[in-house]
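Hi,

Here is the structure I promised to pass on. Have a look at it first, and then read my notes below.

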Amino acid sequence: MMKSVLDINHSILAQAWHWRGSGIDGRDPDFQPDDLVSQLLMARGVARDDIERQRNPTIRNFMPDPSIFQDMENAALRLAQAVEAGEQITVYGDYDVDGATSAALLIRLLRMLGLNAGYYIPDRLMEGYGPSGEALVRIGAGGSRLIITVDCGAMAYDALSQAKAAGLEVIVVDHHKCASELPEAFALVNPNRLDETDEAASHGHLAAVGVAFLLGAALIRTLRSRGYFATRPEPKIMELLDIVALGTVADVAQLRGLNRAFVAQGLKVMAARRNIGLSALIQASRLTRAPICSDLGFALGPRINAGGRVGKSDLGVRLLITEDAAEAQDIAMELDRLNEERRAIEGTVQEQAEAMLAGQHNRAVALLSGEGWHPGVIGIVAGRIKEKTGKPAIVIAVDENGVGKGSGRSIAGVDLGAAIISARDAGLLVAGGGHAMAAGLTIDADKIDALADWLDARLATDVANASGAKALLIDAIVAPRGLNPIFVDAMETAGPYGMGWPGPRVVTGPLRIIKCDIVGKDHVRAIVAGDDGQSFKAMAFRQGETVLGQTMLHADRGRRYWFAGRARIDDWGATPKAELHVDDIAFAD
């Protein structure tokens with residue numbers, strides 16, 4: 001039974017506030033920051049005797065033996081033979097960040113091993129997701145008899161059959177859900193294969209770039225055993241962790257276990273700016289400090305994604321593998337421009353989708369479709385709709401031929417990928433797949449309503465259970481004067497935070513709202529002050545028209561409130577200050 005925080009059972013957003021773990025009250029005079037770090041770790045499922053390992057997650061402490069995964073040894077041996085023989089290899093990627101980073105990692109590693117591999121990234125609009133048989137055969141005709149697909153291929157039955165018939169060998173490196181029947185690949189490395197052992201399956205939360213890193217480690221080990229490094233230096237695969245961190249965070253993979261180690265160590269590599277392309281992208285993103293975890297998801301990742309969404313699909317890979325500083329700068333600037341274009345397109349689609357949502361009856365899954373919507377932004381809009389409704393959301397762009405391309409985002413406790421695969425098997429979809437938190441599909445427009453009804457029937461109970469169990473989880477209470485950079489830095493010690501390893505949420509107050517206004521696009525900014533005389537900035541992003549935003553804007557200036565949210569460092573000024581990103585508020589008196 002979760003314990004209530006400050007006896008708040010009905011906030012402004014009609015939520016109860018519960019302790020995530022046992023919680024800690026920073027107003028206690030005996031409070032120490034180290035106590036908070038231990039509490040944060042334990043509240044995220046860490047056993048007391050594992051705190052030190054989790055406090056500093058290293059690759060050594062979390063890396064499994066790559067050979068535990070099905071087909072890993074076969075894939076590593078075949079690649080080792082290709083390296084030794086100098087064979088022509090092509091890496092076939094996806095157009096999103098995970099696909100780009102997976103491809104870039106293997107290409108850079110093969111270069112370190114003396115093999116200059118090529119790449120192929122399909123066009124989102126012209127070719128769609130995943131490998132096509134035509135493209136694979138064309139690559140083979142160009143001289144690559146060995147092809148590695150990354151972040152795709154787990155369900156590419158027809159394409160891989162065509163490749164096999166053409167005499168090609170295809171190694172699939174993926175993380176999306178698999179069916180019991182696997183496509184005809186030379187090797188299929190995927191922790192989400194149904195025939196994996198429990199140990200291997202426990203790594204099913206890896207992004208494709210994480211699986212690619214494990215394959216790279218297995219390849220180096222195989223080459224070492226064959227004496228390949230007797231006359232040449234062994235590559236330092238750890239230098240590629242910056243790419244792994246970017247793909248892992250941008251793909252919203254759960255940051256637990258090995259993924260936390262990937263991101264924690266990858267951020268250290270990224271701070272050194274060894275990758276010319278990433279360095280240029282950091283500069284184009286106008287980051288003046290070393291990137292932190294949230295920057296990967298909100299600054300760097302979206303710019304690489306913009307290439308595949310509204311520009312040229314291969315820009316991300318080209319940026320991450322280039323050794324030419326001038327080329328890197330040009331690509332990074334182009335991606336920054338495309339990201340602005342993407343935002344404008346996204347805003348139009350989101351506005352239309354939200355208008356449609358207002359007229360839709362209460363479904364378990366918000367399913368919205370529109371003719372002429374740009375398929376490159378539907379995933380982002382689905383994520384926005386999910387956040388707005390608290391339910392899974394699918395957004396479908398229908399083209400002039402009546403074919404819809406859809407992208408979905410889910411909530412914790414609802415496996416959307418499995419539902420989409422079942423809908424495909426039931427004949428509702430032309431194609432579809434994904435993982436628990438995200439999915440993609442292709443559907444004939446005349447079956448969209450039937451899909452909505454089918455998802456209602458299948459997921460209503462799961463969505464109700466997930467929504468019913470929802471409460472705002474709190475990690476700590478801190479006095480207004482205690483909300484300072486030292487406190488924020490102490491909390492960051494338990495990071496990096498992300499999906500599956502949620503950032504800490506604190507409560508502070510009681511607070512009076514001194515000033516409040518709208519800034520930017522629908523963001524609410526408030527200056528609040530505590531009884532101890534401490535004042536700071538509180539931001540509620542995209543909340544201008546919501547109950548939370550309107551309450552803040554029109555609050556009685558004499559009334560006191562408890563504020564719940566994420567403490568952050570505002571480093572725009574000369575002196576870093578703490579601010580609060582608001583999730584909810586409640587009356588203090």
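**The parallel sheet**

Five strands make up an open sheet here: 5 strands in the order β3-β2-β4-β5-β6, with parallel pairing. β3 (118-120) and β6 (187-189) are the edge strands, each pairing on one side only. From one strand to the next the twist averages 20°.

Before going further, some housekeeping. This is a predicted model, in which local features need pLDDT of at least 70 and side-chain atom pairs count only at pLDDT 80 or more, while totals for chains, interfaces and linings use all residues. Residues are numbered from 1 along each chain as its sequence is written, and side-chain values use heavy atoms, with hydrogens and water left out. As for terms, helices (H or I, at least four residues) and strands (E, at least two) are DSSP runs, numbered from the N terminus. Two strands pair if DSSP finds at least two bridges between them. Axes are lines fitted to C-alpha atoms, for helices over the stretch in contact, and angles run from 0 to 180 degrees between N-to-C directions.

Back to the sheet, starting with β4. β2 and β4 are joined in the parallel sense by 4 bridges, and Val91 has Ile148 as its bridge partner in β4. On to β5: 5 bridges pair β4 with β5, also parallel, and here Ile148 stands opposite Ile171. Ile171 in turn has Ala187 of β6 as a bridge partner; β5 (residues 169-173) and β6 run parallel, with 3 bridges between them.

How well covered is β4? Mostly: 5 of its 5 residues are buried (under 20% relative accessible area; exposed is over 50%, partly exposed in between, with a 1.4 Å probe and protein chains only).

Helix α6 (residues 133-141) lies across β2, β3 and β4, at about 160° to β2. Contact means heavy atoms within 4.5 Å.

**Aromatic pairs**

Rings of Phe, Tyr and Trp (its six-membered ring) pair if their centres lie within 6.5 Å; planes under 30 degrees apart count as stacked, over 60 as edge-to-face and the rest as tilted. That rule gives 4 aromatic pairs. One of them is Tyr92 with Tyr120: the ring centres are 5.1 Å apart and the planes at 35°, so the pair is tilted. Tyr92 sits in strand β2 and Tyr120 in strand β3, 28 residues apart, so to speak a link between distant parts of the chain. Tyr92 and Tyr120 are both buried. Tyr228 and Phe229 also pair, edge-to-face, at 5.5 Å centre to centre with 80° between the planes. Tyr228 and Phe229 are buried too.

**Arg193**

Arg193 is in the loop between β6 and α8 (198-201). Is it buried or exposed? Arg193 is buried, at a relative accessible area of 9%. Its side chain makes a polar contact of 2.8 Å with that of Asp195. (A polar contact is a pair of N or O atoms within 3.5 Å; within protein, one must be able to donate a hydrogen and the other to accept it, and residues adjacent in sequence count only if both atoms are side-chain atoms.) Beyond its neighbours within four places in sequence, Arg193 is in contact with Gln70, Asp71, Cys178, Leu182 and Leu188.

β7 runs parallel to β8 (residues 393-398), with 6 bridges, and Leu367 stands opposite Ile394.

Lys391, in the loop between α16 (378-389) and β8, is buried at 18% relative accessible area. Its side chain has a polar contact of 2.3 Å with that of Asn362, and a polar atom of the Lys391 side chain lies 3.0 Å from the backbone oxygen of Arg363.

Cheers
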